[in-house]
Amino acid sequence: MNVVIIGPGHPLRGGLATFNHRLAKAFQDEGHTCSIYSFSLQYPSFLFPGKSQYSTDPAPEGITIHTVINSINPLNWIKVGNRLKKEKPDLIVVRYWLPLMGPALGTILRRAKKNGHTRVVCIADNIIPHEKRPGDKPFTRYFLKACDAVVTMSEKVMADLRLFDTAKPAALVRHPLYDNFGSIISSAEAREHLQISNPGKLLLFFGFIRQYKGLDMLLEAVAILKKRNSPVLPFKLLIAGEFYEDAERYHSLIKDLDIADLLILKTDFIADSEVKYYLCAADVLIQPYRNATQSGVTPLAYHFETPMVVTNVGSLATLVPHGKVGIVTTPDAAAIADGIEAYFKQGKDFFIPHIQEEKKQYSWDKLVNALVQL
């Protein structure tokens with residue numbers, strides 16, 4: 001088939017672009033032609049919370065990326081929609097992660113489908129966003145009406161979908177593992193690359209820093225462990241990821257909790273080429289989320305066989321079987337501290353065989369097959 005993926009692609013950076021590149025390759029591996037229609041303007045600069053929307057990594061090899069969509073220009077939506085109408089792809093796979101994109105994507109899809117041939121399947125990362133804004137519901141309804149079917153990657157998003165549409169064909173497929181960040185390397189090699197010397201146990205918080213991800217609760221948990229003189233000591237918490245909100249509140253909290261000596265801050269954007277060093281350096285990945293759908297960080301941990309401590313929100317507890325792949329706890333600082341202690345009481349070697357077995361079910365061909373069947 002001729003497949004078009006609509007969503008971020010290089011030179012845009014971040015997890016959505018990385019996912020789309022890998023999905024395009026998976027379609028090609030199955031014998032399909034696949035290209036990506038990406039954004040010439042994804043977010044106006046005043047709406048983008050990070051430092052840059054663009055990657056400095058080289059473009060992925062063997063993937064055609066058309067940088068054509070302007071998310072705020074209705075004339076552009078019609079132009080791109082007409083272009084896709086003329087191209088007549090058999091399947092459009094469209095990413096949906098933010099209601100702000102609903103008007104642009106919904107209009108493009110309506111124009112494209114006027115050819116009477118193209119089918120549209122959405123991969124819904126979110127239906128109801130983590131941070132609510134005016135217009136969320138009408139924008140999402142407008143978008144969903146242009147889709148023929150939906151794939152979700154968590155039960156939470158499937159339930160949210162059914163609040164908007166009870167009849168549309170849909171399938172739940174787990175987020176495939178990222179296997180395009182390189183192979184597993186030793187902890188010693190990874191720590192040397194990151195210039196981390198003798199940290200003892202190394203905890204990792206990885207990804208964009210936003211309120212719903214609960215980094216403040218994790219900082220409070222670190223303070224609790226310090227006050228307890230926990231057997232987990234000595235340890236360091238490596239915070240790796242760019243602030244997508246006011247950084248000062250976190251720096252003030254660190255000072256108030258008196259835990260700067262237990263932290264390593266790497267709060268710039270982490271390039272794809274650097275990801276493996278962080279995951280392989282860590283003894284455990286902590287995901288202290290307040291709320292979640294699924295997480296793109298969890299598949300990274302699976303790929304690099306890094307056990308996890310996660311909170312029981314969204315689908316995290318389903319993705320991380322308690323006592324096997326990691327420890328599941330409640331979204332509370334004291335409970336997270338207890339979870340970290342429970343993890344180290346077992347030790348990393350206990351969890352690795354379970355991770356190796358569990359990761360076998362997360363494959364890209366399962367996602368491709370679901371999209372094609374829908």
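This note goes through the aromatic contacts, the charges over rings and the salt bridges of the structure.

1. The model is predicted, so that local features need pLDDT of at least 70 and side-chain atom pairs count only at pLDDT 80 or more, while totals for chains, interfaces and linings use all residues. Residues are numbered from 1 along each chain as its sequence is written, and side-chain values use heavy atoms, with hydrogens and water left out.

2. The count of aromatic pairs comes to 14, where rings of Phe, Tyr and Trp (its six-membered ring) pair if their centres lie within 6.5 Å, and planes under 30 degrees apart count as stacked, over 60 as edge-to-face and the rest as tilted. One of these pairs is formed by Tyr96 and Phe143, which are stacked with 4.1 Å centre to centre and 10° between the planes. Because Tyr96 belongs to strand E4 (residues 91-96) and Phe143 to helix H4 (residues 136-144), the pair ties together parts that are 47 residues apart in sequence; helices (H or I, at least four residues) and strands (E, at least two) are DSSP runs, numbered from the N terminus. Tyr96 is buried at 0% relative accessibility, and Phe143 is likewise buried, with a relative accessible area of 0%, where buried means under 20% relative accessible area, exposed over 50% and partly exposed in between (1.4 Å probe, protein chains only).

3. A second pair, Tyr212 with Tyr289, is edge-to-face, because the ring centres are 6.1 Å apart and the planes stand at 75°. Tyr212 is found in the loop between strand E8 (201-206) and helix H7 (215-228), and Tyr289 in the loop between strand E11 (284-287) and helix H10 (297-303), so this pair ties together parts that are 77 residues apart in sequence. Tyr212 is buried at a relative accessible area of 10%, and Tyr289 counts as buried at 4%.

4. Phe19, Tyr178, Phe181 and Trp364 form one aromatic cluster. Charges also sit over rings, which requires NZ of Lys or CZ of Arg within 6 Å of the ring centre and within 35 degrees of the ring normal: Arg13 lies over the face of Phe269 at 3.8 Å from the ring centre, and Arg249 over the face of Tyr250 at 4.7 Å.

5. The structure holds 18 salt bridges, each being a side-chain nitrogen of Lys or Arg within 4 Å of a carboxyl oxygen of Asp or Glu. Among them is the bridge of Lys25 with Asp29, whose closest N and O atoms are 3.0 Å apart. Both residues lie in helix H1 (residues 15-29), 4 residues apart, about one turn of the helix; Lys25 is partly exposed at 39% relative accessibility, whereas Asp29 is exposed at 52%.

6. Lys113 forms a salt bridge with Asp148, with the closest N and O atoms 3.0 Å apart. This pair links distant parts of the chain, with Lys113 in the loop between helix H3 (102-112) and strand E5 (119-124) and Asp148 in the loop between H4 and strand E6 (149-152), 35 residues apart.

7. Arg174 is bridged to Glu155, the closest N and O atoms being 2.5 Å apart. Arg174 lies in the loop between strand E7 (170-172) and helix H6 (187-193) and Glu155 in helix H5 (residues 155-164), so the pair ties together parts that are 19 residues apart in sequence. Arg174 counts as buried at 17% relative accessibility, whereas Glu155 is partly exposed at 35%.

8. Asp216, Glu245, Arg249 and Arg290 are linked in a network of salt bridges, and Arg249 also lies over the face of Tyr250.
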